[in-house]
Amino acid sequence: MTTKLIAYSNSQPKSKLWMAAIKPPMYSVAIIPIWVGTAVAVAQTKSLNAGVFSTFLTAAICIVAWSNISNDVFDSETGIDKNKAHSLVNLTGNKRLIFWIGNLFLTLGLLGILAIAWWQRDLTIIGIILACCAIGYAYQGPPFRLGYHGLGEILCFVAYGPLAVSAAYYSQTQSWSITNLAASIIVGIVTSLILFCSHFHQVKDDLAAGKRSPIVRLGTALSANLLPWICGSIYALTSLLAVLNIFPTWTLLSWLSLPFAIKLCRHVLQYHDQPEKVSNCKFIAVGLHFVCGLLLGLGFML
Ligand SMILES: C/C(=C\COP(=O)(O)OP(=O)(O)O)CCC[C@H](C)CCC[C@H](C)CCCC(C)C
Ligand SMILES: O=C(O)C1=CC(=O)c2ccccc2C1=O
């Protein structure tokens, strides 16, 4: 029995498998960059374009849905998901249908971004979001499949950090900001942390399919020992930026997410080599991402 099969086996109720395939909590990765970029913009301009914000949020959710749906399509071609009961392709047995549903979400997302560009008579955010989509495709799609070479975390950092947060800021202000760029680095790190954590329980399947994720390359023990440093960098960077007055003091509220970081590090350090026990660690990382990002954005608005 392989690692993914242990986490979600065919004997699980179908409804549970569908929820695991759709991964509702994961949509935090769409919400937080738009929230933080918009929060920095509102703090600086004292105004909010609610129409742009809600359209961007909906479009981001659609684009992340495309990224996840197409991931199951592309992974079905390499055999890496052959034991993954909660793959959309395995659940439906219809790869073509899933491929086109993914494309529908991408189209809807890009139409939302196009609407914002149209209202503003400015193509800049289309360029940025197309770059994000290109990165999303290069991560998983042929002939690139850069995630299989261990480059996923870097791509994830760039797309969900500087690109997405800058696009959100630009959509409100049609300008750029160093403070926002600094905030985007924190969002990028904490989003990549989710991807890093998602690979702990998949080492066996990843190795078999030739996917050299960072956890495969470094081993689970060393990777687990890196976690406190990655988490520590989030709080150290936020504190430094607040001390330097680049961030308002209220952004230190994001320290309230520390219990999630501690829980994540303890859990992974204890269970890094036990796939069935470590498999839920990516959802602890999602909790950390959501609370940290929410409070960081709030810190700019207060
Ligand atoms: C699909 C992603 C991870 C799944 O990885 P994996 O194959 O290991 O997982 P499974 O075990 O579930 O099969 C995330 C990929 C992230 C990618 C590097 C970058 C995506 C960019 C987005 C399209 C950017 C969206 C920006 C939005 C907020 C406007
Ligand atoms: O399915 C997953 O494991 C992930 C899906 C996803 O969209 C995402 C986005 C950003 C960082 C990590 C992840 C996942 O791990």
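Tutor: In this predicted model, the charged end of Arg121 sits over the ring of Trp118, 4.3 Å from its centre. "Over" here needs NZ of Lys or CZ of Arg within 6 Å of the ring centre and within 35 degrees of the ring normal.

Student: And what lies over the face of Tyr148?
Tutor: That's Lys211, at 5.4 Å from the ring centre.

Student: OK, ligands now. Which residues surround ligand 2?
Tutor: Among them are Lys23, Asn68, Tyr160, Ser198 and Lys282; a residue counts if one of its heavy atoms lies within 4 Å.

Student: How far is an oxygen atom of ligand 2 from an N or O atom in the side chain of Lys23?
Tutor: 2.6 Å for Lys23, with an oxygen of ligand 2 at 2.8 Å from a side-chain N or O of Lys282 and at 3.0 Å from one of Asn68.

Student: Which helix gives the most to the shell around ligand 2?
Tutor: Helix 9, with four residues.

Student: Anything to know about the numbering and cut-offs?
Tutor: Residues count from 1 along each chain as its sequence is written, while chains are lettered from A and ligands numbered from 1 in the order written. Local features need pLDDT of at least 70 and side-chain atom pairs 80 or more, totals for chains, interfaces and linings use all residues, and side-chain values use heavy atoms, leaving out hydrogens and water.

Key
Polar contact = N/O pair within 3.5 Å; in protein donor to acceptor, adjacent residues only side chain to side chain. Helix = DSSP H or I, 4+ residues; strand = E, 2+ residues; numbered from the N terminus.
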